[in-house]
Amino acid sequence: MVGDEMLRGISGGQKKRVTIGEMLVGPARALFMDEISTGLDSSTTFQIVNSLKQTVHILNGTAVISLLQPAPETYDLFDDIILISDGRIVYQGPREHVLSFFESMGFKCPERKGIADFLQEVTSRKDQMQYWARRDQPYRFVTTDEFAEAFQSFHVGLQLEDELRTPFEKTESHPAALTTKKYGVGKWELLKACISREFLLMKRNSFVYIFKFIQLTFMAIVTMTLFLRTEMNRDSIAEGGIYMGAIFFGLIMVMFNGMSELSMTIAKLPVFYKQRDMLFFPAWAYALPSWILKIPITFVEVALWVFLTYYVIGFDPNVQRLFRQYFALVLANQMASGLFRFIAATARNMIVANTVGSFALLVLFALSGFVLSRGMINDIKSSWIWGYWISPMMYGLTALMVNEFRGNQWSHSLSGSTEAAGIDVLKSRDFFQEPKWYWIGVGGLIGFIILFNIFFTLALTYLNPFGSSGAVISEQTESHEQTDGVGVGGSIQLTNNESSSNNVTSSAIEEEVQRSISSKSSSVTEATIRTISIKKKGMLLPFEPHSITFDNVVYSVDM
């Protein structure tokens with residue numbers, strides 16, 4: 001998404017080009033484009049149509065395009081023309097023969113007249129007379145019905161009728177005539193494209209990641225001065241509790257760093273939903289890169305925290321325990337990122353996601369076994385203990401606690417105890433004491449990482465964006481008649497002479513094409529495009545009317 005409520009983003013012309021380019025992606029080989037030149041200069045329109053022409057020729061596609069008064073050079077890019085007037089097809093066929101058809105009817109296009117303008121005016125009652133070329137015969141108005149009947153006997157009309165009369169033998173159809181797969185390319189190509197796009201977005205959002213690195217570094221320095229090893233002893237359970245606090249705070253910092261996934265995921269959802277529904281890619285091809293490409297970022301973030309704080313705080317100096325803590329925090333960060341991506345994809349709204357995300361963190365903290373120990377949770381309400389067992393933070397915290405307090409620094413006995421000091425500290429908060437619980441905690445974190453990312457993918461697959469309540473479709477329908485149109489196909493152009501409010505929309509054309517094909521009322525071949533009469537639904541927009549009056553408006557150009 002380029003631009004928002006505060007940033008202008010791109011111009012209208014650029015937006016059209018981006019949207020057209022975007023719609024060329026995917027399995028669709030038939031493009032229905034309505035009035036794409038509105039607001040564009042003739043040069044830009046020429047560039048766009050030229051690109052479309054090359055695309056449909058290379059990919060063996062079809063484009064049905066309606067243009068308002070196209071320039072001559074743009075008109076010359078098209079292969080075929082459909083001219084519609086008063087709901088009748090006046091001409092449908094190659095661009096090269098359209099003038100000879102009207103000359104056979106007694107109308108000639110002047111040399112300096114644009115052909116598109118001529119076609120729009122030659123069926124009009126007020127403009128037709130100026131093109132009458134048979135000076136030896138008196139002019140009379142030729143109606144649309146007469147043009148349509150004459151076209152049936154014109155050689156292009158006869159050829160078209162002959163093609164439609166001949167039944168199509170399906171066994172002779174080219175294998176590529178109809179798409180047989182859901183997406184435009186294979187699964188591996190889809191995944192590579194999504195990885196490339198996600199990597200590009202990460203580069204554009206590099207400020208976010210740099211800021212997170214700086215934030216973590218700053219907080220690590222603050223934590224180092226707060227839990228300084230020269231002030232930390234191991235002579236009592238209370239002093240062991242301070243080490244527990246340092247571990248818990250480190251876990252919170254690493255997990256909170258994943259909360260940025262909320263806003264970034266929600267910001268990308270509108271584009272995702274549009275492209276998913278256009279069958280650009282499946283949801284899994286979008287979800288995998290957003291998970292996998294963040295793993296290197298996680299390694300850097302956790303490295304900044306662990307390698308700055310570990311020895312300064314005074315954790316067990318064994319390098320094996322250093323890397324075990326590093327590994328557990330990497331998994332905790334990945335778990336939190338997966339959780340917040342899942343919340344974002346489920347909530348689909350920033351306000352709802354922030355509320356749910358904050359509540360989820362609160363529940364994780366309360367049931368992690370540190371704020372409320374396992375025994376306290378059980379004492380408050382025995383049914384709450386299930387929350388302890390399904391809390392992913394509990395598994396990460398247990399792994400970190402066991403890793404630290406089963407180290408050599410905590411192997412001595414406290415006064416009045418026969419067990420190691422580390423065992424006493426773990427028991428004081430009802431943590432598990434066996435060394436195997438480090439690997440159980442690691443396994444639990446890995447399981448939650450996979451689970452949350454699966455849930456994220458499922459949410460992307462089956463949930464749709466929240467609907468807008470702005471427009472109400474009227475039950476009434478009105479017949480839509482089209483006047484004075486020009487069109488081109490292989491590429492096809494339909495030029496509509498009515499006001500913009502009555503333009504035929506591409507979605508309506510698509511619906512009618514699908515309906516006519518399914519009912520076998522007509523056949524559509526590579527070189528033939530049907531023209532459809534369309535009934536259009538009205539739109540009722542709830543609004544409060546206001547009147548604006550201008551007085552003494554002066555428009556001047558400084559020369």
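Trainee: Why does Gln152 count as partly exposed?

Mentor: The relative accessibility of Gln152 is 40%. Buried requires under 20% and exposed requires over 50%, so Gln152, at 40%, counts as partly exposed. Please keep in mind that this is a predicted model.

Trainee: Where is Gln152 placed, and which residues does Gln152 touch beyond four places in sequence?

Mentor: Gln152 belongs to helix 6, which covers residues 144–153. Beyond four places in sequence, Gln152 touches Gly157, Leu158 and Glu161. A C-alpha to C-alpha distance of 9.3 Å separates Gln152 from Val90, although the two are 62 residues apart in sequence.

Trainee: What makes Lys294 count as buried?

Mentor: Lys294 has 5% relative accessibility. Since the limit for buried is under 20%, Lys294 at 5% counts as buried. Lys294 sits in the loop between helix 12 (283–292) and helix 13 (295–313).

Trainee: How do you know that the side chains of Lys212 and Glu301 meet in a salt bridge?

Mentor: The N to O distance for Lys212 and Glu301 is 3.2 Å. The criterion is a side-chain nitrogen of Lys or Arg within 4 Å of a carboxyl oxygen of Asp or Glu, and therefore the pair of Lys212 and Glu301, at 3.2 Å, qualifies. Lys212 lies in helix 9 (residues 206–226) and Glu301 in helix 13, so this pair ties together parts that are 89 residues apart in sequence. Both partners, Lys212 and Glu301, are buried. There is also a network, in which salt bridges that share partners join Glu198, Glu261, Lys268, Lys294 and Arg341.

Trainee: How many salt bridges does a search of the whole structure find, and with which residue does the side chain of Arg95 meet at 3.9 Å?

Mentor: The search finds 15 salt bridges. The side chain of Arg95 meets that of Asp76, with an N to O distance of 3.9 Å. That value is within the 4 Å limit, so the contact between Arg95 and Asp76 is a salt bridge. Arg95 lies in the loop between strand 4 (88–94) and helix 4 (98–104), and Asp76 in the loop between helix 3 (72–75) and strand 3 (80–85), so the pair ties together parts that are 19 residues apart in sequence. Arg95 also forms a salt bridge with Glu96, whose closest N and O atoms are 3.7 Å apart.

Trainee: Why do Asp76 and Glu96 fall where they do in relative accessibility?

Mentor: Asp76 has 38% relative accessibility and therefore counts as partly exposed. Glu96 has 53%, and the limit for exposed is over 50%, so Glu96 counts as exposed.

Trainee: Which residues touch the most other members of the largest nonpolar core?

Mentor: They are Met401, Phe405 and Leu460, in a core of 88 residues. Helix 14 (residues 319–347) gives the most to this core, with 15 residues. Leaving out residues up to four places away in sequence, Phe405 touches Gly240, Tyr243, Met244, Ile247, Trp410, Gly422, Ile423, Val425 and Leu426. Another core, of 24 residues, lies apart from the largest one, and its members include Leu83, Met105, Phe147 and Ala150.

Trainee: Why does Leu451 count as partly exposed, and which element gives the most to the nonpolar patch?

Mentor: The relative accessibility of Leu451 is 35%, which lies between the 20% and 50% limits, so Leu451 counts as partly exposed. Leu451 is placed in helix 20. Helix 20 (residues 436–462) gives the most to the patch, with eight residues. The patch has an area of about 850 Å², and Leu451, Ile454 and Phe455 are among its members.

Trainee: What does the UniProt record annotate for residues 325–344 and 384–402?

Mentor: The unreviewed UniProt entry annotates both spans as "transmembrane region". In the model, residues 325–344 are 100% helix and 0% strand, with end C-alpha atoms 29 Å apart. Residues 384–402 are 84% helix and 0% strand, and their end C-alpha atoms lie 23 Å apart.

Trainee: How many helices and strands are in the chain, and what percentage of its residues count as buried?

Mentor: The chain has 21 helices and seven strands. Of its 559 residues, 44% count as buried. The chain exposes about 30,700 Å², of which carbon and sulfur atoms supply 60%.

How values were computed
Residues numbered from 1 in each chain as written. Predicted model: local features only at pLDDT ≥ 70, side-chain atom pairs only at ≥ 80, totals over all residues. Heavy atoms only, no water. Core = buried A, V, L, I, M, F, W, Y, C linked by side-chain atoms within 4.5 Å. Buried < 20%, exposed > 50% of the residue type's maximum accessible area, 1.4 Å probe, protein only. Helix = DSSP H or I, 4+ residues; strand = E, 2+ residues; numbered from the N terminus. Contact = heavy atoms within 4.5 Å. Patch = residues over 30% accessible without salt bridge, like charges linked within 9 Å, V, L, I, M, F, W, Y side chains within 5 Å. Areas by Shrake-Rupley, 256 points an atom, 1.4 Å probe, with all protein chains shown as cover. UniProt positions renumbered as here; feature names shortened; annotations may be inferred.
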